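Colleague: I am new to this one. Please put it up, and I will ask as we go.

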Amino acid sequence: MLFDTHTHINDGAFQDDLDDVVQRALDSGVERMVVVGVDRPTIEKVFPIIDKYPFIYGAIGWNPEDAVDMTEHDFEWITANLKRPGIVALGEIGLDYHWDKSPKPIQHQVFRRQIRAAKDAGLPLIIHNREASEDVLRILREEHAESVGGVMHCFSDNWAWAEKFIDLNFYISFGGPVTFKNAQLQRETAARVPLDRLLIETDCPYLSPHPFRGKRNEPARVRLVAEKLSEIKGISLDEIASVTTENAKRCFHIG
Ligand code: NI
């Protein structure tokens, strides 16, 4: 059994064939997944999905690129909905220095108050970090995020950084990029992440693994990520599947 810890099957890319996509996931052994909402429209679409499929869990949070757009009302709406059955994490939240739509101080403020909300709710975090490892780590430390921990989603930095986040009670999640030809750094990091801190994800519809790079991604393809990790770690696919599934359940307090 595989657990895709990060999907956006609430994205418009799946509006016409979500049932088929979910069935293909089940047929590939992907029996658990998390659907992530990052703003008003995508969070609203998380709820009917988790209500319909009992094996799909939800994560909600305001994304850093649009931090500047989050109103007080949005923040209260998110925190109120953290109590909904099936919501297992607050995220994805974090810092994104690639896009310059939201100034850094505003990203920091929106990140900090959502970390506090997760701690109040007793939920783990799903962290989006793009070109911002230093500030992400500093803020997680300052806010004592280790009390809830969570996931470093689609991790793309080196082992030295991974180790710091692991020390802060975070799991390291790898997606499609670990299968890309030019992703030597991610593979070197994955090789060193302890098995009990490893997670897998698709981030679909983005980041389709090799040989589907550039095509719409879907949860069934998390199997290709798991296969690559089994190769990197030198253990069987079954072992990778079972250890990453156990890790995800522990991280999200499932079962
Ligand atoms: Ni995402």
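Colleague: In which helix is Asn 81 found?
Modeller: This is a predicted model: local features need pLDDT of at least 70, side-chain atom pairs count only at pLDDT 80 or more, and totals for chains, interfaces and linings use all residues. Residues are numbered from 1 along each chain as its sequence is written, and side-chain values use heavy atoms, leaving out hydrogens and water. Helices are DSSP runs of H or I, at least four residues, numbered from the N terminus. Asn 81 belongs to the run of residues 72-81, helix α3.

Colleague: Is Asn 81 buried or exposed?
Modeller: Buried means under 20% relative accessible area, exposed over 50%, partly exposed in between (1.4 Å probe, protein chains only). Asn 81 has 12% relative accessibility, so it counts as buried.

Colleague: Which residues does Asn 81 touch?
Modeller: Contact means heavy atoms within 4.5 Å. Residues up to four places away in sequence are not counted. That gives Phe 47, Ile 60 and Ile 87.

Colleague: How many disulfides does the structure hold?
Modeller: A disulfide is a pair of cysteine sulfur atoms within 2.5 Å. The count for this structure is zero.

Colleague: Which cysteine sulfur is nearest to that of Cys 154?
Modeller: Cys 154 is in no disulfide. It is buried, at 18% relative accessibility. The nearest cysteine sulfur is 12 Å away, that of Cys 204.

Key:
Helices (H or I, at least four residues) and strands (E, at least two) are DSSP runs, numbered from the N terminus.
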